[in-house]
Structure formats: structure tokens, C-alpha cells
Amino acid sequence: MQTVETLNEGLKRAYRITIPAKDIDARVDQELKKVAPQVRMPGFRPGKVPANLIRKMHGASLQAQALQEAVQDGVQQLLNEQRIRPAMQPAVSLAEGGDQGKDAVVTVEVEALPEVPEAKLEGLKIERLRVEADDEAIDAAVMRLAEGQKSFDPAPAKHAAEMGDLVVMDFEGKVDGEPFEGGKGEGMSVELGSGRLIPGFEDQLVGVKANQELTIHVTFPEDYNVDYLKGRPATFDILVNEVQVPRPMKADDAFAKSMGLEGIGQLRDLLKAQVEQELNGLTRTHMKRQLLDQLAAAHDFPVPETMVEAEFEQIWQQLEHEASHEDNPAAARAEMEAERGDYRAIAERRVRLGLLLSEIGQKAGVQVNQQEMNQLIMQAAQQYKAEDRQRFAEYINSDPMAAAQLRAPLFEDKVVDHLFASAEISERNVSRAELEAAIESEEGHVHGPGCGHDHHDHGAKPAKAKKAAAKKAEKPAKEAKAEKPAKAEKPAKATKAEKPSKEAEAEKPAAKKSPAKKPAAKKA
């Protein structure tokens, strides 16, 4: 194999490799010997069909297979010889040749991972803000639980619906004056303020009364899950069947016993442990941000553009989704566009920190053991049907890339713990409000998937960057998962007035629930 370097610019490399025709032919001959015993042809005994006839019958497919394997082996040999650790999958294309008797000329474009400099870990100083799980916090947790279990009673005859009330209604949706498929329903219940319906729908139901008829005007979000409705204005003719008001909940022994507990004391003990875990998570988030800030300030090295672009696309998609649910999506997108450069800088920072943490972890001998890996697989498999979980586990165990993606967040947490152990940590007792204010005061945080690492990271964006479209994106990913809204009452039948469920989308891979497909995992 002949190799010629055609580009060497920063971390970008390009090569032209020539695979001799004799090497490809040799592979074809090897395949012929393998398949010959299985070939059946009239007039010949099994295994006695002449090689030239087999080549005539199956030559094209054998040639294609041999060429593909030769290219794969050639690219791997190239990476090994040049000692290149690719940042992303190399771009490989067949320039010419590959036919029988002709050399194959292949172009390979690849971006290398950089040499990460020795980490500067001296002088790390971190403040741990401690919050006590006091009675007030536990009372609030009990009331949140009680509100999540709430039920409704019929409202007085002339009661006007308020936020928090339940409206039972019949409806028919129209686009351009014409009814559309799935836009009609009867007896649908919706809790006002739950955010279950498309933007503006619930707001226009405030003030309605039983037996009232009205028409509301809405616009479907740009990311709606039905293509022909995306971004289109629509009307819904509504008949309000009934308005119901929430029944007052009492956090007492009777409430605790309704949940299978001995009494309110046992419930408070359980919730205290949950509150402590939640507060510890907030404390860790704040500490981690301080750590990443110091690492980012002390390290600067080139990072692969392909990884930055992949990270930026994930950030941008998240912000696009949030913007589509704002009161003024166009204004939110305009503000995003004005700050596109800031978000790209955040993506670059996150990639650099990911590479740095990976290098620190490897040198420190940080590992995710097999028992921990099995736990991760079991947890991830819960998103699939019971009969598919074993197939998912087999897929993870057979695909190193998928396994690395699943392992990455835990590996990063272990690296962070390793760095905490070597840092100088001071402590201060604060209230929850003060801790949340400290987290919120760090402007420009953009969270979400990041280069195989769950960073909860942020960049040094100016205060103006904290816009409506990004506020929801600023929550740490783990906190956002823990903050699922109270379960709303389901409608009698599904309707396109409802927006796509975030929880439902999170329960499945990109296409469908099947471990045969790769999960929507983070790019490594």
C-alpha cells in the first residue's frame, strides 16, 4: 500500500492511499476458497465447481466485499502508522479504481485528537455551600407530594376557570378553516397551567364557565411532531362541559396512610432523605462549576473543529426547541442568532474540558469497573420493553463506541471526585435560596449533552446572553430530569392540540424503541 500525505494543517490531515490490484485480487481468491465448498451448480458435485465459474457467478459481490475490507484495513493501517487518534470517524472515499485488475485509490480525511498538555492542578480552591434539610424544606416537599396527588371536585355553577382548575371540554381544530385529522375530541380534561397543550391554548381557557362555547386561536410550534401542522396557525372550537376545582389536600396521617405508610412521621423521614439528596446535588453542581471554571482558565490548547461543530449542533438544537415554546419564538431565535458566536465558544470550551478531564482520568487510573458498567446497562435498559432489554445489553457489550458513550458520564463524575480530593475546599452554611442564587448568578450556563460527557458546564457569556429561550437550557441535565411536572390527567383520546411529551421522547432512542438501533447517545 502506498501512502501520500496531501494535507497537514493544524489537527487536520488528508491522505491518498493506493491499494494494489494484486492485494485486492488476493483477497478475492481467499474468499473464493472459503465459499467454493458451499457453492451448488447443476452438473457438478458439491465443492467441485471450478473457480472460474464461481468467479463468473459471484465475482462482482466478492470483488466489492474484498475492496471494502481492503479499504478498511488500509485506513486502519494508515492511522496506526501515522499514530493518529481520530477525533471523529475519518471521511473515506474511493477516488478511482477498485475494479478487477485495477489499483484502488482512496482519499482519507481525518482530524486528529490533540496532544493534551500536562494538567495544572495546583492551587485548586473550591467553596462547598452546605444547606440543611430543615423542617421548612421537608414541609415544602410534603406539600409538593400532596399537590401531585390532588383530585378535583365540580366547581360552583358560575365559577370562572382559574389556573390550577380542571377544564373538561369537547373541541374541533381547524387549519385554514378546514378540520384536520386528529384535531377533534370529546371529554378531554386539562389542568390549566400544566403546560400540556400547545402554547397559548391553556391561557385562553382562563375565565371560561361550564356550558360556554368559544373559539381560541393558536399557532403550532415549529418543532411540532406532525409535519403539515408545524408553524401553522389554527383555531379550536371549544364547548366547555365542566369546570372542576382542586380539592384541598391535607398532609396528615390519613394522607400518609393512603400511600401505604404508617403515618406522616414516616413520610417526613423518607422525604428528608430525598431533600438531602437533592440539596447535595445542588451543592455538587456549584462545586463542579467552580472546578471547571478554574480548569478552563488554566488550560488552552487546540481542539478538533469536527468535535466543536458536533457539540455546537447539540446546544443549538436544544435552544431551538426551547425557543419554539416561547411566547415570541421569532424574537427568541433572533436573539439566539445574535449570540451564535458565544454559543460556539461555549461548545469549544466544553470539548476542551472533555478532553482534559479524559486525560486527567486516564493518568490517574480512574476506571469504571464491570459491576458499575452492568449497573449502567441495567438502568439504561429500563427505557425498553422487558423483552428487548437483553438485546440492548448485548448491543452495548458488543459495540465499544456505545459502551464508551454509556460509561462516559460516570467516568467524568469519578474524575471530578478525584479532583475534589486534591483541591482545597472551604465550607459555608447557607440557605437553599442562597445556594440557588449562587448557581443562577453564573451567567451564560448552557447545559446538555457534550462530547460524550455530561458536563453541566458553562462559558463566559455576558449577562445579556441569559435570554428567555435559554433559561430552561441552563438547568443541569440531572436536575432537569428530577424536576418532572406533576402528572396531569390524561385526555379521553390523544389529540394534536397536545404538544409532544418530553418525557415520552426521553423514553426512546432517536427512531423507535428497539435495541437493534443505536440509542440517541452522546457523540464520543
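Angles under 35 degrees count as roughly parallel, over 145 as roughly antiparallel, 65 to 115 as roughly perpendicular and the rest as oblique.

I note that the model is predicted, that local features need pLDDT of at least 70 and side-chain atom pairs pLDDT 80 or more, and that totals for chains, interfaces and linings use all residues. Residues are numbered from 1 along each chain as its sequence is written, and side-chain values use heavy atoms, without hydrogens and water.

**Entry: a helix pair**

I looked up helix α9 (residues 370-381) and helix α10 (residues 389-398), which pack at an angle of about 135° with axes 9 Å apart. Helices here are DSSP runs (H or I, at least four residues), as are strands (E, at least two), numbered from the N terminus. Axes are lines fitted to C-alpha atoms, for helices over the stretch in contact, and angles run from 0 to 180 degrees between N-to-C directions. The two helices, α9 and α10, are therefore oblique to each other.

I then looked up the contact (heavy atoms within 4.5 Å). On α9 it involves Met 373, Ile 377, Ala 380 and Ala 381, and on α10 Arg 389, Phe 392, Ala 393, Ile 396 and Asn 397.

**Entry: positive phi values**

I found that Asp 176, although not a glycine, has a positive phi of about 55°. Asp 176 sits in the loop between β7 (166-175) and β8 (178-191). Its relative accessibility is 65%, so Asp 176 counts as exposed (over 50% relative accessible area; buried is under 20%, partly exposed in between; 1.4 Å probe, protein chains only).

I also recorded Asn 211, not a glycine either, with a positive phi of about 70°. Asn 211 belongs to the loop between β8 and β9 (213-219). Asn 211 is exposed, at a relative accessible area of 63%.
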